[in-house]
Amino acid sequence: VKFCRCPSMSSMPTAAVPKLIVFDLDACLWTPEMYELSGRPTKYDAARGGVAAGGDVVRLFSGAAAVLARFLPGGDPRLSS
C-alpha cells in the first residue's frame with residue numbers, strides 16, 4: 001500500500017485551497033465508529049477526554065482536531081469565508 005504525503009496547507013498557494021471540504025466522520029475524525037457505541041453520544045466529559053456515549057467515549061483524532069481548528073476564528077485565514 002502506498003501513501004502520499006500531502007503538503008501542509010500553510011505551504012499551499014491560495015489558489016489551491018478548495019471551495020468545499022468534505023469530511024468522512026467515523027474512523028476519520030473520531031473513534032470509535034458510531035455503530036460500535038453502546039449508547040448515544042450525550043455530552044463532553046472532560047474527565048474521560050471525549051464525548052460520553054454509554055460506556056464508550058468518542059474522541060477526535062489529534063490530527064483531525066488540528067485540521068478542524070483551522071476553521072475557527074483566528075485559524076487559517078484562507079478558510080475563513
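Colleague: What should I keep in mind before reading values off it?
Modeller: The model is predicted, and local features need pLDDT of at least 70, side-chain atom pairs count only at pLDDT 80 or more, while totals for chains, interfaces and linings use all residues. Residues are numbered from 1 along each chain as its sequence is written, and side-chain values use heavy atoms, with hydrogens and water left out.

Colleague: Which elements does the protein chain have, and how do they run?
Modeller: From the N terminus on, the order is β-β-β-β-α, where helices (H or I, at least four residues) and strands (E, at least two) are DSSP runs numbered from the N terminus.

Colleague: Is strand 2 largely buried or in the open?
Modeller: The number of buried residues among the five of strand 2 is zero, so strand 2 lies largely in the open; buried means under 20% relative accessible area, exposed over 50%, and partly exposed in between, with a 1.4 Å probe and protein chains only.

Colleague: What holds for its pairing with strand 3?
Modeller: Strand 2 and strand 3 (residues 50-53) pair in the antiparallel sense over three bridges, with Pro-41 opposite Ala-53 and Tyr-44 bridged to Val-51. Four residues lie between the strands of this hairpin, where Gly-49 takes a positive phi near 75 degrees.

Colleague: Switching topic, which residues make up the largest nonpolar core?
Modeller: The six are Leu-29, Trp-30, Leu-37, Ala-53, Val-58 and Ala-64; such a core is a set of buried Ala, Val, Leu, Ile, Met, Phe, Trp, Tyr and Cys residues joined through side-chain atoms within 4.5 Å. Leaving aside neighbours within four places in sequence, Leu-37 is in contact (heavy atoms within 4.5 Å) with Pro-32, Ala-53, Asp-56 and Val-58.

Colleague: How many aromatic pairs are there?
Modeller: The count is one, taking rings of Phe, Tyr and Trp (its six-membered ring) with centres within 6.5 Å, and calling planes under 30 degrees apart stacked, over 60 edge-to-face and the rest tilted. The ring centres of Phe-23 and Phe-71 are 6.3 Å apart and their planes are at 85 degrees, so this pair is edge-to-face.

Colleague: Where do those two sit in the chain?
Modeller: Phe-23 is in the segment before strand 1 and Phe-71 in the segment after helix 1 (62-69), 48 residues apart.

Note on methods
Two strands pair if DSSP finds at least two bridges between them.
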